[in-house]
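Okay everyone, thanks for coming.

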Amino acid sequence: MAALPDQITISELSRRSGVATSALRYYETMGLITAARTEGNQRRYSRGVLRRVAIIRVAQSMGLSLGQVGEALSRLPGGHEPTI
């Protein structure tokens, strides 16, 4: 498997995470994930967002709301991605 670049597009994040791009945009509006923007205003996600999306999916499958997930993720130190 090819190495993953440091920044990935929304379509690559969707493909690798199994989450629809519309859901990823919604997660972004809720503050669950963040993206940098290119000069052309395209989203670019850090690789760590894959882990964050995986945690969101597991939490939802356990019955947690996105609000509860966001509250838990907000407790992480700035700039750090969760570990599993």
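Before any residues, one term: buried means under 20% relative accessible area, exposed means over 50%, and partly exposed is in between, using a 1.4 Å probe and protein chains only. By that rule D6, at 56%, is exposed.

Quick housekeeping. This is a predicted model, where local features need pLDDT of at least 70 and side-chain atom pairs count only at pLDDT 80 or more, while totals for chains, interfaces and linings use all residues. Residues are numbered from 1 along each chain as its sequence is written, and side-chain values use heavy atoms, with hydrogens and water left out.

Let's stay with D6. Side chains of opposite charge can pair when their charged atoms come close. The name for that here is a salt bridge: a side-chain nitrogen of Lys or Arg within 4 Å of a carboxyl oxygen of Asp or Glu. D6 has one with R47, at 3.9 Å from N to O. R47 sits in the loop between β3 (43-46) and α3, and D6 in the segment before β1 (7-8), so this pair ties together parts 41 residues apart in sequence. Those labels come from DSSP runs, numbered from the N terminus: helices are H or I with at least four residues, strands are E with at least two. R47 itself is partly exposed, at 41%.

How many salt bridges does the rule give? The count is five. Another one of them joins R15 and E12, at 2.9 Å from N to O. Those two are three residues apart in helix α1 (residues 10-17), so about one helical turn separates them. R15 is exposed at 57%, while E12 is partly exposed at 21%.

Then there's E71 with R75, where the closest N and O atoms are 3.1 Å apart. E71 is partly exposed at 46%, and R75 is exposed at 63%. As for shared partners, salt bridges link E12, R15 and R16 into one network.

Now, helices against helices. Two packed helices are described by the angle between their axes and the distance between the axes. The axes are lines fitted to C-alpha atoms, for helices over the stretch in contact, and angles run from 0 to 180 degrees between N-to-C directions. Under 35 degrees is roughly parallel, over 145 roughly antiparallel, 65 to 115 roughly perpendicular, and the rest oblique.

Take α1 and helix α2 (residues 21-29): their axes come within 9 Å and cross at roughly 110°. That's why we call them roughly perpendicular. Contact, meaning heavy atoms within 4.5 Å, is made by I10, S11, L13 and S14 of α1 and T21, L24 and R25 of α2.

Next pair: helix α3 (residues 48-61) and helix α4 (residues 66-73) pack at about 135°, with axes 10 Å apart. So α3 is oblique to α4. Which residues meet here? From α3 we have R52, I56, A59 and Q60, and from α4 we have L66, V69 and L73.

Let me finish on A59, which belongs to α3. Is A59 buried or exposed? It's buried, at 9%. Leaving aside neighbours within four places in sequence, A59 is in contact with L64 and V69. The C-alpha atoms of A59 and L24, 35 residues apart along the chain, are separated by 15 Å.
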